[in-house]
Amino acid sequence: MIDDPDLRLMFKAECEERLHNLEQHLLQLEKQPELTDSMDTVFREAHSLKGLARMLNVKDMEQVAHHFESVLKAALHNNYALATGDIERLYHGVDDLRGLAGTAITGVGYGKTLDTILAGLAGLAAMDDSAKSSPTPTAIQLAAEPDADALAEATEAPMPQATKIDTIRVATQQLDNLMTHVSELTVNKNRLAQRLSDINELIFLWDEWKQQSRPPNSPALMNLENRLQGLRSQLYEDNNRFDYLNNEIGFGIRSIRLLPFSTTFNLFPRMVRDIAKQQHKYINLLIEGDDTVADKRVIEEIKDPLIHLLRNAIDHAIEPPEQRRLQGKPEAGTIRLSAQQTPTTIIITVKDDGAGLDIEKIKRRALELKLYSTDELAGMTSRQVQELIFSQGFSTADQINDISGRGLGMAIVRSKIEQLKGHIEIDSSLGQGTTLHITLPITLATTKAIIIELQKHYYAMPMEAIELIRSVSAEQLFNIDGYQTLLQDNQAVSVAKLGDLLELPVSQPKRQQWLAIIIAVKYGRVAVLVDKLLDEQELLLKPLGGVLKRVRNISGVTVLGNGEVCIMLNPYDLVRTAYGKKNPLLLSKTEIPASDKKPHILYAEDSITARTQIKRVLEKAG
């Protein structure tokens, strides 16, 4: 184990990069063995690893890297194209180098002796007899010359001047802790805004009292009024400054935590190659958008779901070469993995050109597992039937194996993605392939949302799911196939009350007007009727945890500036709930007495005090 902790970290980072480069170019050599550029790159990476190991006295790794280097040197020198068996042994050599590097980093033994590792490399056809027994004098000389030159340059060079340190290493846990503190600042920012609202309310009450009571114009009262006005001005200024600093610090730390998806995507080409070979299939993995960035935690935690999806695609989706040939498809299947960024989300797509999902087979399996009745399945759309593959223990495979998760893989995928405040959607055509779309937030720390008040409780709807907010009267609602509906942009949109979707035991007072939040996801659109909207806020979400780890229609909780607990709604669940229930609203024109109808006025004003005063005057006037 390397003693110096800083050197250990640098060694770990450089080994990861160089071993990744080795694997990538070995993949190229496997497809096109005649590529001398890739062979030359592999040689140089092995040479660099050897020098790195020598510098830090990691002797076993140095010897393996030197042997690896000698193999490539002999192949290059003899203009020899590596055979499939040669490349397979080199892959094992990369694994051995990674294992020895792990020992140097952690101190935990690798489990294979140096002789065993070298014996594996010695079977390569590219090596002549002298290379198999020991490095050639030429190879040793070539390896030594750069080190001698570097030593001479270091000896003759003048003493360096003091330099500026441009980068430092910071433990990711420290960044996580900072992000947590910044997220808590968001809560305090909302509380400060609430205090500003409170003092505006006090000033309004003061003005109202002066108008009604006509108190004497005493110095004490004048001083009190001036202090109130001054306190409001100071609080307004402090709130703006705090808001600015909170946004700047939060943006800075979130930017530091952003990592490219290549951090995770780079792991998959080798994995896909190995599993495809095990399954006797030919597969091309195409990766796009790996420079897309997201929060470190998103990058880390999406890895396992993506592994499940890729393994499932190889095992179930991509057909054997013979079958693909009979179907007129290329023998090699294609899996496309891509990532793209929207202003608020990350969309990851896993697409294959395999067999696709058999709707009838899924229905038969659902009946066998007694998940749904025949009538219930008959009433489902194709998309709803396809989503049954995410059910626990559901699999249409004739034989369940370890590659695709023993029937648990897809259920685990959805559960993990929902823990990341995301969702997954599926689209498949029989014989044409399957596409899976994963939508995730860029950051998991905070979420912008609209605050809803319902029966003296508070709920939040994420802004990214909201298409439109509008007012709706009972006359605008009509019934289609058991669903209450309204027209929006000449399209019918199903309507449901928020209380009904959440199955809350709330009273349903007669109303003539609602506010409709139209939420749109790929699954569909629903207009959710609510009583009152309060504000738009950036909220710090807390996971439910424990026995409430997964609650339908709910993704988390938070605390508002006034100290009230607020429940964050899950728009994707709400849409599924709305389409899963025929729960028409009990609305009719007879519920709305003509005498109760009141005019509605939109009043725009940037002063909270003025808004409140005008609102009260208009309400009193009817």
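Reader: What percentage of the 622 residues of the protein chain count as buried?
Author: This is a predicted model in which local features need pLDDT of at least 70, side-chain atom pairs count only at pLDDT 80 or more, and totals for chains, interfaces and linings use all residues. Residues are numbered from 1 along each chain as its sequence is written, while side-chain values use heavy atoms, with hydrogens and water left out. Buried means under 20% relative accessible area, exposed over 50%, and partly exposed in between (1.4 Å probe, protein chains only). Of the 622 residues of the protein chain, the share that counts as buried is 41%.

Reader: How many helices and how many strands has the protein chain?
Author: Helices (H or I, at least four residues) and strands (E, at least two) are DSSP runs, numbered from the N terminus. By this assignment the protein chain has 21 helices and 18 strands.

Reader: Which strands stand at the edges of the open sheet of six strands?
Author: Two strands pair if DSSP finds at least two bridges between them. The order in this open sheet is E10-E14-E15-E13-E12-E11, and the pairing is mixed. Each edge strand has a single partner strand, so one side of each is left without a neighbour in the sheet; these are E10 (466-473) and E11 (478-480).

Reader: What is the average twist from one strand to the next?
Author: Axes are lines fitted to C-alpha atoms, for helices over the stretch in contact, and angles run from 0 to 180 degrees between N-to-C directions. From one strand to the next, the twist averages 40 degrees.

Reader: Which residue of E12 is the bridge partner of Asn479?
Author: Strands of a sheet pair through backbone hydrogen bonds, either parallel or antiparallel. E11 and E12 (residues 483-488) run antiparallel and are joined by three bridges. Within E12, the bridge partner of Asn479 is Gln484.

Reader: Is Tyr483 buried or exposed?
Author: Tyr483 is a residue of strand E12, and its C-alpha atom is separated by 7.1 Å from that of Val495, twelve residues away along the chain. Because its relative accessibility is 18%, Tyr483 counts as buried.

Reader: Which helix lies across E12, E13, E14 and E15?
Author: The helix in question runs at about 95 degrees to E15 (524-530). Lying across that strand as well as E12, E13 (491-497) and E14 (513-521), with contact meaning heavy atoms within 4.5 Å, is helix H20.

Reader: In which loop is Asp489 found?
Author: Asp489 has a phi near 55 degrees, a positive value in a residue other than glycine. With a relative accessible area of 60%, Asp489 is exposed. Its place is the loop between E12 and E13.

Reader: Which residues make the nonpolar surface patch of about 350 Å²?
Author: Accessible areas come from the Shrake-Rupley method with a 1.4 Å probe, and for residues only the protein chains shown count as cover. One member, in the loop between helix H20 (571-580) and helix H21 (608-620), has a relative accessible area of 36% and is therefore partly exposed. The patch is made by Ile601, Tyr603, Ile614 and Leu618.

Reader: How far apart are the closest N and O atoms of Arg241 and Asp238?
Author: Arg241 and Asp238 are three residues apart in helix H9 (residues 219-257), so about one helical turn separates them. Arg241 is partly exposed at 43% relative accessibility, and Asp238 is partly exposed at 39%. In their salt bridge the closest N and O atoms lie at a distance of 3.3 Å.

Reader: What is the N to O distance in the salt bridge of Arg336 and Glu288?
Author: Arg336 is partly exposed, with a relative accessible area of 32%, and Glu288 is partly exposed, with 35%. The side chains of Arg336 and Glu288 meet in a salt bridge with an N to O distance of 2.6 Å.

Definitions and conventions. Patches are made of residues with over 30% relative accessible area and no salt bridge: like charges are joined within 9 Å, nonpolar side chains (Val, Leu, Ile, Met, Phe, Trp, Tyr) within 5 Å. A salt bridge is a side-chain nitrogen of Lys or Arg within 4 Å of a carboxyl oxygen of Asp or Glu.
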